[in-house]
Amino acid sequence: RIEPVTAQVQGIFDRLEQELSTYRSDSTISQLADQAGVAPIAVSDDAFRVLSLARHFGELSEGAFDVTVAPLVNLYGFGKRPTPAALPSEEVIRAQLKLVDYSRLILKDGTAFLPLKGMAVDLGGIAKGYAVDRAFDSCRNAGIQDFLIDLSGNIRVSGRPQWGEDWQIGVRDPFDRSRIIGKITLRSGMALATSGNYERFVEMGGQRYSHIIDPKTGYPVTGTAGVTVLAQDATTADGMSTPFFVVGLKGADRLRQKAPSVDI
């Protein structure tokens, strides 16, 4: 009974990765970048939905989450380009910032369009959460009640584990990955996502830089080591963990007021 559902979940993950990955030259997202400034492209229902949700979180976070941040991500070597030997110049960063504006992403009648040549999207801050929710719905529809789905730290639970009352999720110490600094209890249906500077980073000039870029300044975020977000679904948890990481402690209260159903 479990094996067919497991294969179905893996199929969901594989298909969404094929459509939404920036690393695949044949993905929908790569085609969208290739046709930037040229013409809209037809996208699947899933791709349209993810792009719409990404734009929603951009508005909700007042631009702290920006799906069009890809040119900056590539600039620092987190995308397809190699890591530069030194921090890019302010002039180069300013030039790439002109290509970053989630509000310019046009979604209409099953198509997507980026109006400026050089624009591109990076769904790394939301696609895994969306995949977890699709897998969650698939398991529930198959009649499975007690399960946990974990896709690269994007977690959603249903029911309860065999060994206890509720699911217990450990949160890693961002400064020592072997250490758990706390546990979070997740009720059935709840989701959790973590953004941290310890999983992906580059080193330039002897200094470590986070893979999370502030879309407003164009520079990697500093001052935040890790953020864990709880939400009613994995897409929201994933989509909000990046903006909370970007705004840091200073902006967390304001952002929480805009998303009262989210906890950090």
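**Notebook: pockets, cores and strands**

I began with the largest pocket and found that 46 residues line it, with G124, K128, S152, N154 and H211 nearest its centre. On a 1 Å grid over the protein atoms alone, a pocket is an open set of points where a 1.4 Å probe fits, with protein on both sides within 12 Å along at least five of seven lines; lining residues have an atom within 4 Å of a point. I note that this is a predicted model, in which local features need pLDDT of at least 70 and side-chain atom pairs count only at pLDDT 80 or more, while totals for chains, interfaces and linings use all residues. Residues are numbered from 1 along each chain as its sequence is written, and side-chain values use heavy atoms, with hydrogens and water left out.

**Largest pocket**

I recorded a volume of about 1,300 Å³ for the largest pocket; a volume is the space filled by probe spheres set on the grid points, which are joined across faces, edges and corners. Strand β8 contributes the largest share, five residues. Helices (H or I, at least four residues) and strands (E, at least two) are DSSP runs numbered from the N terminus.

**Second largest pocket**

I found a volume of about 250 Å³ for the second largest pocket. Its lining has 13 residues, and T6, V9, C139, L148 and I149 lie nearest its centre. Helix α1 gives the most to this lining, with six residues. By class, I counted nine nonpolar, two polar and two charged residues in the lining.

**Nonpolar cores**

I next examined the largest nonpolar core, which has 59 residues; L51, L123 and M240 touch the most other members. Such a core is a set of buried Ala, Val, Leu, Ile, Met, Phe, Trp, Tyr and Cys residues joined through side-chain atoms within 4.5 Å. Buried means under 20% relative accessible area, exposed over 50%, and partly exposed in between (1.4 Å probe, protein chains only). Helix α7 (234-258) is one of the elements that each supply at least two residues of this core, and α7 gives the most, with eight. Leaving aside neighbours within four places in sequence, I found L51 in contact with I29, L32, L105, L107, A112, V121 and L123, contact meaning heavy atoms within 4.5 Å. Another core, of ten residues, lies apart from the largest one and includes I155, V157, V171 and L192.

**Strands**

I traced an open, antiparallel sheet of three strands in the order β1-β3-β2. Its edge strands are β1 (41-42) and β2 (106-108), each pairing on one side only. Two strands pair if DSSP finds at least two bridges between them. Strands β1 and β3 (residues 111-113) meet over two bridges, and A112 is the bridge partner of I41. I also followed β8 and β11, which pair in the antiparallel sense over six bridges; S195 has V227 in β11 as its bridge partner. Five of the six residues of β11 are buried.

**A33**

I located A33 in helix α2. A33 is partly exposed, because its relative accessible area is 26%. Beyond its neighbours within four places in sequence, A33 is in contact with M119 and A120.

Technical notes: Ala, Val, Leu, Ile, Met, Phe, Trp, Tyr, Cys and Pro count as nonpolar, Asp, Glu, Lys and Arg as charged, and the others, Gly among them, as polar.
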